[in-house]
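Hi,

Here is the structure I said I'd pass along. Have a look first, and my notes on what turned up are just below.

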Amino acid sequence: MSEDQVARRDRILDAATELGARADLDHVQMNDVAKDAGVAIGTLYRYFPSKTHLFAAVFEAQLGAFLGRLWPAESEDLVNDIGEALVSLSQELLRRPRLCAAMVQSAATNYTSGPFGSAERDSALFHAILDTLTRSAPGEEVESTVRLLVFSWWGVLISRLSGKTTAGQAETDIRLAAHRLVGPLLSGHRFP
């Protein structure tokens with residue numbers, strides 16, 4: 001993409017983020033996103049063919065921004081640092097519950113409708129964890145462990161978003177998932 005196209009795409013994502021933080025997904029109108037982004041509606045649809053695609057892209061942009069700022073690269077306690085980073089990510093996403101719900105709903109729709117295996121391969125979070133762990137624990141179990149950790153984090157996020165889990169319990173569950181899944185991988189234990 002050209003610089004202008006990247007800037008236009010960023011304006012669209014920013015407008016969707018602001019509108020999604022103020023209204024439920026069903027009430028966010030693509031015309032309003034286009035207007036707030038300063039683009040024609042046809043331009044918006046060229047970048048994002050549906051509201052689901054738009055908010056799934058907002059989710060990946062939010063993940064990418066977080067990972068760029070706070071993801072642990074190298075540390076002495078990688079298990080703990082990954083757990084804490086996932087807790088912080090959840091807290092950040094949940095600060096704007098309407099936007100979080102829109103992103104989760106859209107990302108889940110894209111996940112279930114995409115080709116087999118494409119969602120985790122395309123996920124910035126999956127790649128951040130995978131890249132971090134393969135430097136410390138190369139082996140065939142790494143990808144499966146990362147997938148399980150992301151699925152665990154995702155389930156806890158949804159449970160917290162829907163009010164089924166308290167904030168404290170969600171944080172405990174995320175940390176426990178990191179310790180139970182990543183801990184054995186880094187300590188050299190092999191899975192059956």
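Predicted model: local features only at pLDDT ≥ 70, side-chain atom pairs only at ≥ 80, totals over all residues.

Some overall numbers for you. The chain runs to 192 residues, and 41% of them count as buried. Its accessible surface comes to about 10,200 Å², with 51% of that belonging to carbon and sulfur atoms. If you take the contacts with a separation of 6 or more, 70% are between residues 24 or more positions apart.

Now the inside. The largest nonpolar core holds 58 residues, and Leu125 and Trp153 are the ones that touch the most other members. What does Leu125 touch, once residues up to four places away in sequence are set aside? The list is Leu63, Leu67, Trp71, Leu86, Leu89, Val150 and Trp153.

Phe151 sits in helix H9, which covers residues 141–161. Why does Phe151 count as partly exposed? Because its relative accessibility is 38%, and that class lies between the under 20% of buried and the over 50% of exposed.

Cheers

Technical notes:
Residues numbered from 1 in each chain as written. Heavy atoms only, no water. Buried < 20%, exposed > 50% of the residue type's maximum accessible area, 1.4 Å probe, protein only. Contact = heavy atoms within 4.5 Å. Areas by Shrake-Rupley, 256 points an atom, 1.4 Å probe, with all protein chains shown as cover. Core = buried A, V, L, I, M, F, W, Y, C linked by side-chain atoms within 4.5 Å. Helix = DSSP H or I, 4+ residues; strand = E, 2+ residues; numbered from the N terminus.
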